[in-house]
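Hello,

Here is the structure I promised to pass on to you. Please open it alongside this email, and then read on for what turned up in it.

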Amino acid sequence: MTEEPLLEAKGLHFSYGSHKALEGVSLELYPGEILGVVGESGSGKSTLLNVLRGEARPSAGEVYYRDKAGERLNVFAISEGRRRKLARTELGFARQRPEEGLRMKVSGGGNIAERLFAAGERSYGVAREKAKEWLGKVEIPLSRLDDPPTQYSGGMRERLQLARNLATYPRLVLLDEPTGGLDASVQARVLDLILSLAKEFGLAGVLVTHDLRVARLLTERIMVMKGGAVVESGLTDRVLDDPRESYTQLLVSSTLGDA
Amino acid sequence: MARYRTGLNYAYLSEDAKRVVRRALLKAVAIPGFQVPFSGREMPMPYGWGTGGVQVTASLIGPGDVLKVIDQGADDTTNAVSIRDFLAKTAFCRVTEETGEATIIQTRHRIPETPLKEGQIMVYQVPIPDPLRFLEPKLEENRALHALREYGILYVKLYEDVTRHGEIAQSYDYPAMVNRRYAMSPSPIPRFDNPKLRLSPALHLFGAGREKRVYAVPPHCEVESLAFSDYPFRAGESGHRCELCGDGESFLDEMVVDDAGGRVFVCSDSAHCRRRRESLQGAELPRAEKEEK
Amino acid sequence: MYVAVKGGEKAIKSAHALLSEARRGPLDIPEISQGQIRHQLGLAVERVMAEGSLYAPKLAALAVKQARGDLVEAIFLLRATRGTFPTWGYSEPLDSSAARAKRRISGTWKDLPGGQILGATFDYSHRLLDFELGDVARHSRPLGEAEEARGEGPRVPGEREPGQAREREPGETGAQEPGETGPSLEALPRAARILLGEGLLETESDDGETPGDLTRRTYPFPYSRELRLQSLARADEGFLLSLAYSTQRGFGSTHPFVAELRIGTVKVEFWAPELGFPVTVAEMEITECETVNQFRGNGGRPRFTRGYGLVMGDNERKALALAMVERALRAPEYEEGVKGPAQDEEFVLSHGDNVEAYGFVSHVKLPHYVDFQAELSLLRSLRENPGGTGDGFGEEGDGDGAL
């Protein structure tokens, strides 16, 4: 890899009271790459995402992000205004529960448009056209454009959340269990969609999941976390086919089973 | 009338309390559209009935001032009468119904039709000072949104309106950007009145007593009503004429005059209407109502 | 002719005259005095003082009279009066342990040092209308019974004998003065102290910060604990009662035990720089409640948590509810998650003030001709342009509904 990393984390520590959620986590993410973070619940995966997106300040360690202009920014040293602006333009964040990432009383189109308005769009017509376009990309029927997400199925909500996040063409997406609440067939469709969108737009991503099958399908590299620390990392196929750490072996045998 | 306890301070508020309000007002004028917190006191009238406006007026007024108080555009609505009476009795100032004569005009829900002049102060009674409140009720988050000028959410409301109704369905308390920086609630004036704020030569002060905030539009300040580039702001017009003075350009109240649903329209600004009638006396009144639709 | 629908000076004048007549009622019934209200409707006066944030029994009694017994209106009157007073300074912290108690109970111990004092309570009275009480001419309280009760005190096991000397705690001061009607609360060590000694209860410490004053400044959320307690102390009793109740029904439960509830009279001391020592400027009654709540153990050994409520005057229903709500509001501190309305600080503290709530709710009675007219015109224009799928009134201004 000759390119510079898009996102770097160095020695992240984070605790809730006396509970240590992150203990010395480091990572590098390159443009166009999807990194998986796997582990049981409570292993610090979601905390890691919150730190990476600049929402939770680590007690020690740094996060660097290389912006569109090529400037390497220390995420917690820049102003809150600049951090929030990056978060609504260059960064996408899909929550585990899409209901928390959507405005449930606002139409599907309005949900997508909000991201565009936040980035400065002031034309109704343009916002609406782009909303339609994105609804199409995430395979939601255009007839649902003006319905609120309360009337959407779980899978549609997931996809609307993706559309809302991608509408400003972010360079980095953070996905927290993106298919957690979906049944198998819907899950496959959403995963497929994420993969094709990532390819189409050259997205880089960090995917948090407890589901090793999802990680295998979407990621090139993975990190295995336990008790706030990284126990093993490497190419996804290598780690899952030939786990070196006993914890990873346990995780693989218990979740992938005989697959 | 209510009996007042003797020994009250001039204009009711203690000098301490007035200074607190004045300090907040100075800051508000310096940062147009920014909501400045101030430590409001309980006033002898209920919250929601103009305590913010009364505190602003009371902290500015002097014996040389000429005060006008309107509610719904009219000088003779009960609450306007009650507030005017209170201020006149505690501040010993002259009162008037003439917009042009007043140095301070306290208002609820209207801006007078008569154009304001340099040196005049408009004082607005404000129920909910934050235009973001009904989009995001948490004060903590709203402070951040204003500080970082993150107003995307305001446009979502407009988007939903245009989508559902074909136009921006906000008829009063229509938000505006002040000095291209802060989104501001103009208080529940009809959107018809919004353009009167833009580059106005008068000083506009907004007082929210219960919410303990003041904010300001200084003279000659840019006030732009929120809209889309392809759905511009429309002030709207009634399409009727005043039954009494024949004005077709002022904001009109609708009156139901019989059991059969018969209606007439009259000026909401009672002083404006009276002046027009006086100046038209003898002359033929322009034909009222039923001209257009 | 159209101006007639808008009221005027004359209408207001008439309203005041009618109000004055209604307040006095029929002239053949004697007029009630401030003293009668203060002493015979005492709990009404106490509530008005607590929520009016002004300890002034005579003024509060006058407010109750002027408000025709509408306590929220009376609270409003007292608050408005308070607003005209200058602030000279702040008293020394009240020392409730040096107070004269008229009531002190604990729900956590059957028996505890100092014992339980029932005092004048409704708790064990059967709620049957006492028709004798209705006959003013015949009724007078049996002489001597109350005196005897006070002298002996309603005895509960473990209580010390009247006049019995007690052991002085190190550093304690202030002997009981002659003529005091109850034992000093100082004689009654705080129930919480028992748990503190064992390390079973979280400790509290003075952070050294000067407390804020909600009546003189505005503060952004989240509030510090002392501001929260101030806000709750002047909040509507009914609002707190219902919120406390909601926590018991599962909307953010805190499992409270009443470690102690005490009502007594304390001295208010003011430190006068000219003198260089604090002087007693007043005496006031307070109700204080301490709850012991569910323990928590993350990061260290498990301990009980606690809630606290202090209210001016004799108002134990409110002090108890206050302590429960106060504890519920500490949910973020204990990482309990905000699950019920009573745990949501901004919600509770923004809506508990009944003077604010009363005013704003009642302001919808004011004319809204202009907004309504604007809304009417808009609705008509929308109906003329079919294609909209619209519903409802505009969401701003006096409307509701966050996106």
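**A helix across a sheet in chain C**

β1(C) and β2(C), the latter covering residues 257–272, run antiparallel and are joined by 5 bridges. To find your place, look for R103(C), which stands opposite I263(C) in β2(C).

Chain C as a whole contains 14 helices and 4 strands. Of its 403 residues, 34% count as buried. If you take the contacts in chain C with a separation of 6 or more, 64% of them are between residues 24 or more positions apart.

**The largest nonpolar core**

Nonpolar side chains tend to be buried together in soluble globular proteins. Here, the largest nonpolar core has 217 residues, and those with the most contacts inside it are L205(B), V214(B), V48(C), L322(C) and V325(C). Helix α11 of chain C, residues 316–328, gives the most to this core, with 8 residues.

Which residues does L205(B) touch? Leaving out residues up to four places away in sequence, its contacts are L25(B), V56(B), I121(B), M122(B), V123(B), V214(B) and A216(B). V214(B) is also one of the core residues with the most contacts.

**Where the chains touch**

Let us take chains B and C first. Their contact takes 62 residues from chain B and 57 residues from chain C. On the chain B side, α3 (78–91), α4 (139–147), α5 (152–165) and β11 (252–256) each supply at least two residues. α5(B) gives the most to this side, with 5 residues. By type, the residues on the side of chain B that touches chain C divide into 26 nonpolar, 18 polar and 18 charged.

Now for chains A and B. Here 17 residues of chain A are in contact with 14 residues of chain B. The elements of chain A that give two or more residues to its side are α2 (80–89), α4 (108–118) and α5 (124–137). Which of them gives the most? It is α4(A), with 6 residues. The side of chain A that touches chain B divides into 6 nonpolar, 6 polar and 5 charged residues.

**Strands in chain A**

Is strand β9 of chain A mostly covered or mostly uncovered? β9(A), residues 221–226, is mostly covered, with 5 of its 6 residues buried. Strand β3 of chain A (residues 34–38) runs parallel to β9(A), and 4 bridges join the two. In that pairing, L35(A) stands opposite R221(A).

β9(A) is also joined by 6 bridges to strand β10 of chain A (residues 229–235), and these two run antiparallel. I222(A) has G234(A) in β10(A) as its bridge partner. The two strands form a hairpin with 2 residues between them, and G227(A) in the turn has a positive phi of about 55°.

Chain A also has an open sheet of 4 strands, in the order β2-β1-β4-β5, with antiparallel pairing. β2 (19–29) and β5 (72–74) of chain A stand at its edges with a single partner strand each, so one side of each is left without a neighbour in the sheet. The twist averages 25° from one strand to the next. Strand β4 of chain A (residues 60–66) runs antiparallel to β5(A), with 3 bridges joining them. Y64(A) stands opposite N74(A) in β5(A).

**A word on confidence**

Chain B averages a pLDDT of 90, and 94% of the residues score at least 70. Over residues 288–293 of chain B, though, the pLDDT is below 50; this stretch has 12 contacts in the model beyond near neighbours in sequence. Where pLDDT is low, the predicted coordinates should not be read in detail.

Happy exploring!

Terms used
Residues are numbered from 1 along each chain as its sequence is written. Chains are lettered from A and ligands numbered from 1 in the order in which they are written. This is a predicted model: local features need pLDDT of at least 70, side-chain atom pairs count only at pLDDT 80 or more; totals for chains, interfaces and linings use all residues. Two residues are in contact if their C-beta atoms, placed from the backbone, lie within 7 Å. Ala, Val, Leu, Ile, Met, Phe, Trp, Tyr, Cys and Pro count as nonpolar, Asp, Glu, Lys and Arg as charged, and the others, Gly among them, as polar. A nonpolar core is a set of buried Ala, Val, Leu, Ile, Met, Phe, Trp, Tyr and Cys residues joined through C-beta atoms within 7 Å. A residue is buried if 20 or more other C-beta atoms lie within 10 Å of its own, exposed if 12 or fewer, and partly exposed in between; C-beta atoms are placed from the backbone. Two strands pair if DSSP finds at least two bridges between them. pLDDT is the predictor's confidence in each residue, from 0 to 100. Axes are lines fitted to C-alpha atoms, for helices over the stretch in contact, and angles run from 0 to 180 degrees between N-to-C directions.
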